[in-house]
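Here is my notebook from a first walk through this fold. Come along, entry by entry.

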Amino acid sequence: VLQGDVSIVLRPLLDVKPIFGGAQIFFLDVPIVDYDFAVSKGNVAAEAMTTVVKSSLRKALRNEIQNMLVIPNRLLLQMRLPDKVERTLDWGAITHPMPEGVLRVRVVEGRDLVGSDVALFGNATSDPYCVVMIGAQVLQTTTVVRNNNPVWPESENHDFLFYCMRQQFRIEVYDEDMLTADDFLGRTTKLTIREVLEQCDTTDGKHFTGWFYLDLDGVDGGSAMEGRSRIFIELQVFALNAQAPGAADQTPTTRARTPPNLDQEESADSSPACDPGRLATLGAMFSARCGSAAPQVVAPAPGRVGVRRPNIGVLVVMVHGVRGLPVASLAGMRVEME
């Protein structure tokens, strides 16, 4: 079983047959991969070996799919086109489109996390750390030792390139162990970037902040902390603009109060500072991942924030809840024309 949300993007649109130049296929989030082996009943050794092999193979398959098909990675199917049309297309820009923006994430603190390590005196504690995931990008916080109400360092920010506000945003919490596998302490509910921002408040018109309760399904001893375990996060959004020349040292702007709509220009009240060195690092990340020139991070005109996009026609077909292969039906569709 392969279950997940698939995007099929037909681009660029052409004014001659075959109408579009190619198809991009990618998952918005790491899909669920599962399968079963046929094992003779009563064969204890075979059943035990099957469990180990199944777990290892599932992990290997998930990693391969993540590295190949989870955004920003994608599969390109190129149409056979006339030579005069082929010469006019920039396949590098088509295969590796510029990100819509940068999402800066800081996990500030946790409250009432499950204690996973038994103590001789006092209540059980944990050594918690968080894993933040957006598409194929995964970043981890530092570990706070023996604390069920951890506070992470103020300087610990994590920057993610995002390509679509519908990308999934997830945070999982673990207890770090030295000799055994790390214990799972819960995860945030499955939300898109837009939904996360909609649930946040703003403290000063520059940052989005909010508490998010953890789903404790599968956590040992989690029933006692259900509805109590939570984490506090701080978010900041920067729009990317690849078309304004010579502005790499300018300050990007963010919106406050409501999530930024990167599909159109909207007003902004302030321009928070952003370290140019960090933005240069993001440009290097993009260049290394995509094999093309890094986009420039710039500030739009005063009082405006937005992303200028290249004038390339795009047809997007959304496939929701794919179960099994090959894909037999399209449960949903979204068409975007530029």
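Entry 1: I looked up Asp112 and found it in the loop between β5 and β6. For element names I rely on DSSP runs numbered from the N terminus, helices being H or I with at least four residues and strands E with at least two. Asp112 has a positive phi of about 55 degrees, though it is not a glycine. I noted that most residues other than glycine have a negative phi, and that most peptide bonds are trans.

Before going on, I remind myself that this is a predicted model, where local features need pLDDT of at least 70 and side-chain atom pairs count only at pLDDT 80 or more, while totals for chains, interfaces and linings use all residues. Residues are numbered from 1 along each chain as its sequence is written, and side-chain values use heavy atoms, with hydrogens and water left out.

My scale calls a residue buried under 20%, exposed over 50% and partly exposed in between, with a 1.4 Å probe and protein chains only.

Arg146 also has a positive phi, about 45 degrees, without being a glycine. I found Arg146 in the loop between β7 (137-140) and β8, and at 65% relative accessibility it counts as exposed.

**Entry 2: cis bonds.** I found a cis peptide bond between Arg11 and Pro12, with omega about -5 degrees. Pro12 is in the loop between β1 (2-10) and β2 (22-27). Another cis bond joins Ile71 and Pro72, with omega about 15 degrees; Pro72 belongs to the loop between α1 (44-69) and β4 (75-78).

**Entry 3: rings.** How many aromatic pairs does the structure hold? I count three. Rings of Phe, Tyr and Trp (its six-membered ring) pair if their centres lie within 6.5 Å; planes under 30 degrees apart are stacked, over 60 edge-to-face, and the rest tilted. Tyr129 and Tyr174 are a stacked pair, 5.8 Å centre to centre with 20 degrees between the planes. This pair links distant parts of the chain, 45 residues apart: Tyr129 is in strand β6 (residues 128-134) and Tyr174 in strand β9 (residues 168-175).

The charged end of Arg74 sits over Phe26, 4.8 Å from the ring centre. For Arg230 over the ring of Trp211, I noted 5.1 Å.

**Entry 4: the core.** A nonpolar core here is a set of buried Ala, Val, Leu, Ile, Met, Phe, Trp, Tyr and Cys residues joined through side-chain atoms within 4.5 Å. The largest has 37 residues, and those touching the most other members are Leu103, Phe169, Ile171, Ile193, Val196, Ile233 and Leu235. Elements giving two or more residues to this core include β5 (101-111), α4 (193-199) and β14 (230-239). Which element gives the most to this core? That is β6, with six residues.

Technical notes:
Lys NZ or Arg CZ within 6 Å of the ring centre and 35° of its normal.
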